[in-house]
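Have the structure open while you read.

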Amino acid sequence: MNSVFVYCEIEDGHVAEVSQELLTKGRSLADELNCKLEAIAIGHQLDEIGKQIIPYGVDTLYIADDKRLSPYQTLPHTSIVVNLFKEEQPQIALMGASSVGRDLGPRVSSALHSGLTADCTSLVIGDHFDKKQDKNYENLLYQIRPAFGGNIIATIINPDCRPQMATVREGVMKKEIRDPKYKGKEVKLDVAKYVSDTDFVVEIIERHVEKSKLNIKGAPIVVAGGYGMGSKENFNLLYELADVLGGEVGASRAAVDAGYTAHERQIGQTGVTVRPKLYIACGISGQIQHRAGMEESAQIIAINTDPEAPINAIADYVINGDVAEVIPKMIKYYKKN
Ligand code: FAD
């Protein structure tokens, strides 16, 4: 039991963003635990995939390459991961909280009786003293996530079962290549040893992938509106401001619920996570569920009539004013400059 393991999602021959972020986090956890970072890529035509994955500091990359393994299918992918984990016995296993990770993670943890913490917002190594057993556990994975409707931040530990499994949403962790020439080894798996023919019960006849043109996650500037925008018409001012600044428009859940904009723009615990260079929060109170999706932004400007709004506590600049007055002035100013 001596590794941190990352399941790498493959999309059209590329490693998914969330997997790259988890490889970065996995590397830093492995450094702290003084152990190996291992990863697995499952799919087809993966000859070059090592070049994308190993530079994150991966010591061993397992590759399961078979025509029938792409696109993702629940049963064969589960069998491969479960059987490999039985052999390799990782102490920590990380997956994206994507549709694939949300399907795969619980099945793997259930097969291994290991437990799983979904949608973690932070992963830290720490110790735990169990008073009942008078026993000290060292180097556990603290799996941190909002709980009870976001009213508390829970730290979940799994002292006795392995692997300690967690899923993390895209955008929560930073991605960073360790070394483009990192010396990791690739191990090609004999797929027939890990999957049985009965795992391939699903035949994919046609596949439609809807790709949103919206790129909130990658936008350098996010202009986000909340319930305080007051109406859909006022909310439309934000598109103009975002356009002038070269950014994208985001929203709080209350703004989405009020019908000011579409759900795909929602930022927060149940929306997307962003970390732009500049986040302008317009008429947003800054509840914990919203902050979970934006507090890593490099600079935050809050525009709010309430000087006590919680968003102000994490803002670099606060404009105490009415959005209906402030935003048109900003549009005018930035159009000129
Ligand atoms: P409000 O809290 O109503 O705040 C409006 C703000 O606008 C106030 O601060 C007010 O002072 C200000 N204001 C009013 N008028 C003006 C004006 N004219 N000019 C300037 N300021 C003005 N929320 C999210 O955002 N994202 C999530 O992903 C999310 N997930 C959730 C998950 C769960 C399980 C739960 C329970 C809740 C979740 N929420 C989420 C909801 C969250 O708790 C808040 O209700 C929501 O973020 C509030 O949105 P808001 O700040 O726009 O609205």
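A polar contact here is a pair of N or O atoms within 3.5 Å. Keep in mind that this is a predicted model.

With that cut-off in hand, look at the ligand.

| Residue | Protein atom | Ligand atom | Distance |
|---|---|---|---|
| Ser252 | polar side-chain atom | oxygen | 2.6 Å |
| Val323 | backbone N or O | nitrogen | 2.9 Å |
| Thr305 | backbone N or O | nitrogen | 3.3 Å |

On its own the ligand has 980 Å² of accessible area, and the protein covers 75% of that. There are 25 residues around the ligand, and Tyr227, Ser252, Thr270, Ser285 and Asn304 come nearest. Sorted by class, the shell has 17 polar, five nonpolar and three charged residues. Two helices, H7 (253-257) and H8 (288-291), each put at least two residues into the shell.

Now for strand E13. Why is strand E13 (residues 221-225) largely enclosed by the rest of the structure? Because five of its five residues are buried. Both faces are covered: Ile221, Val223 and Gly225 are buried on one side, Val222 and Ala224 on the other.

E13 also has partners. It runs parallel to strand E15 (residues 278-282), joined by five bridges, and Val223 has Ile280 of E15 as its bridge partner. Strand E14 (residues 248-251) pairs with E13 too, again in the parallel sense, over four bridges; there, Ala224 stands opposite Gly250.

Terms used: Residues are numbered from 1 along each chain as its sequence is written. This is a predicted model: local features need pLDDT of at least 70, side-chain atom pairs count only at pLDDT 80 or more; totals for chains, interfaces and linings use all residues. Side-chain values use heavy atoms; hydrogens and water are left out. A residue is near a molecule or strand if one of its heavy atoms lies within 4 Å of it. A polar contact is a pair of N or O atoms within 3.5 Å; within protein, one must be able to donate a hydrogen and the other to accept it, and residues adjacent in sequence count only if both atoms are side-chain atoms. Accessible areas come from the Shrake-Rupley method with a 1.4 Å probe; for residues, only the protein chains shown count as cover. Ala, Val, Leu, Ile, Met, Phe, Trp, Tyr, Cys and Pro count as nonpolar, Asp, Glu, Lys and Arg as charged, and the others, Gly among them, as polar. Buried means under 20% relative accessible area, exposed over 50%, partly exposed in between (1.4 Å probe, protein chains only). Two strands pair if DSSP finds at least two bridges between them.
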